[in-house]
Structure formats: C-alpha cells, structure tokens
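Good morning, and thank you for coming.

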Amino acid sequence: MATIPLTKRGAEMLKEELQRLKTKDRPAVIAAIAEARSHGDLSENAEYDAAKDRQGFIEGRIKEVEGKLAAAQIIDPATLDAGGKVVFGATVDLEDEDSGDQVTYQIVGEDEADLKHGLINISSPIARALIGKEEGDTAEVQAPGGVKHYEVIAVRYV
C-alpha cells in the first residue's frame with residue numbers, strides 16, 4: 001500500500017474520528033440493533049434494517065480510517081525546510097494575474113482538504129501546478145473555465 005501524506009493536524013482529525021466511531025457511534029448502533037431486535041419479527045422490522053445498515057457503514061469507516069492512519073506519512077509543516085519551494089504542507093499566497101485577486105492555500109492530504117478554509121488537496125490541479133514553484137514564479141493551472149495564471153507571492157511553512 002502506498003503512503004498517504006497527512007499533515008499533523010489531519011492525522012489528529014482522523015484519530016479523533018476513529019475514537020468517536022469506536023467509543024460513541026459503535027456502541028450506539030449496537031444498542032439500536034438490540035432495541036430493534038426486542039420488537040420481534042426481524043423480517044419486517046425497518047428499524048433493525050436501518051441499524052444494521054448504519055453498523056455496516058460505521059465498521060467500514062473504522063477500517064478505512066485505520067488503514068489510512070497505518071499508511072500515513074505524517075508531515076509537520078512547521079518543521080519543513082524546503083528552501084522556499086512549494087511542497088506538501090506549505091501555505092502559499094497567490095495572486096491571479098488576470099484579476100489581481102489574492103488567495104492563500106495550504107496544500108494538504110485528501111481527507112483534510114476544505115476549499116472554504118483554504119485547504120487544497122495535493123492531487124488537485126492547482127496544487128499539482130504549484131508543487132516545486134518558488135516565490136515570484138508563475139503557475140499555470142488548467143481550470144474548468146480555462147487556463148489561469150497565478151503568481152506565487154509567498155511560501156510559508158506553518
């Protein structure tokens with residue numbers, strides 16, 4: 001299995017989710033199954049079917065999160081020394097060369113990506129275009145609306 005890059009914050013989020021799934025969600029669904037079973041005939045019991053479906057989802061998610069954590073390569077952006085280059089975990093200030101709009105993104109793993117908070121997936125087109133660039137470089141991004149050009153204003157490792 002290939003390693004999965006995660007920031008320190010992303011790994012903590014996955015660990016918290018795993019803890020919640022094991023200590024809260026799993027016992028709650030087991031209780032719901034027991035309650036539904038007590039109502040009698042399981043063949044026509046919608047509550048039982050719903051609880052079993054939920055249990056399957058929770059168990060699948062537990063396995064998925066455990067697998068991701070086992071394969072994770074945890075990177076602390078604050079300890080990076082990439083010589084000013086854009087790498088996984090870096091926070092990048094960009095300026096759209098056409099509109100002059102400025103944006104800030106941090107390049108993170110798939111599970112922690114959230115565009116509303118400026119966290120972009122390492123495999124996204126903009127992140128792929130930025131990797132290896134330095135302050136002052138221009139990144140050409142193939143966007144759905146056409147090609148966009150961004151100037152790298154600053155690269156930080158925080």
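Helices H1 and H2 are roughly antiparallel to each other, because their axes cross at roughly 160 degrees and angles over 145 degrees count as roughly antiparallel. Please bear in mind that this is a predicted model. H1 covers residues 8–37 and H2 covers residues 46–70, and their axes come within 9 Å. The crossing in which H1 passes H2 is left-handed. Sorted by class, the contact of H1 with H2 has 15 nonpolar residues, 13 charged residues and one polar residue.

Let us turn to the sheet. Strands of a sheet pair through backbone hydrogen bonds, either parallel or antiparallel. Here five strands form an open sheet, in the order S5-S4-S3-S7-S6, with mixed pairing. S5, residues 119–121, and S6 stand at the edges with a single partner strand each, so one side of each has no neighbour in the sheet. On average, neighbouring strands of this sheet are turned by 45 degrees against each other, direction ignored. How do S4 and S5 pair? They pair in the parallel sense, over three bridges. Opposite Leu-119 in S5 stands Gln-106.

Finally, the largest pocket. Its volume is about 150 Å³. Helix H3, strand S6 and strand S7 each supply at least two residues of its lining, and the largest share, three residues, comes from S6. Among the lining residues are Tyr-105, Ile-126, Val-141 and Tyr-150. By class, the lining of this pocket has nine nonpolar residues, one polar and one charged.

Conventions:
Residues numbered from 1 in each chain as written. Predicted model: local features only at pLDDT ≥ 70, side-chain atom pairs only at ≥ 80, totals over all residues. Heavy atoms only, no water. Axes fitted to C-alpha atoms, helices over the stretch in contact; angles between N-to-C directions. Helix = DSSP H or I, 4+ residues; strand = E, 2+ residues; numbered from the N terminus. Parallel < 35°, antiparallel > 145°, perpendicular 65-115°, else oblique. Left-handed = near helix turned anticlockwise from the far one by under 90°. Nonpolar A, V, L, I, M, F, W, Y, C, P; charged D, E, K, R; others polar. 1 Å grid on protein atoms, 1.4 Å probe; cavity = no way out; pocket = protein on both sides within 12 Å on 5 of 7 lines; lining within 4 Å. Points joined across faces, edges and corners; volume = space filled by probe spheres on them. Pairing = 2+ DSSP bridges.
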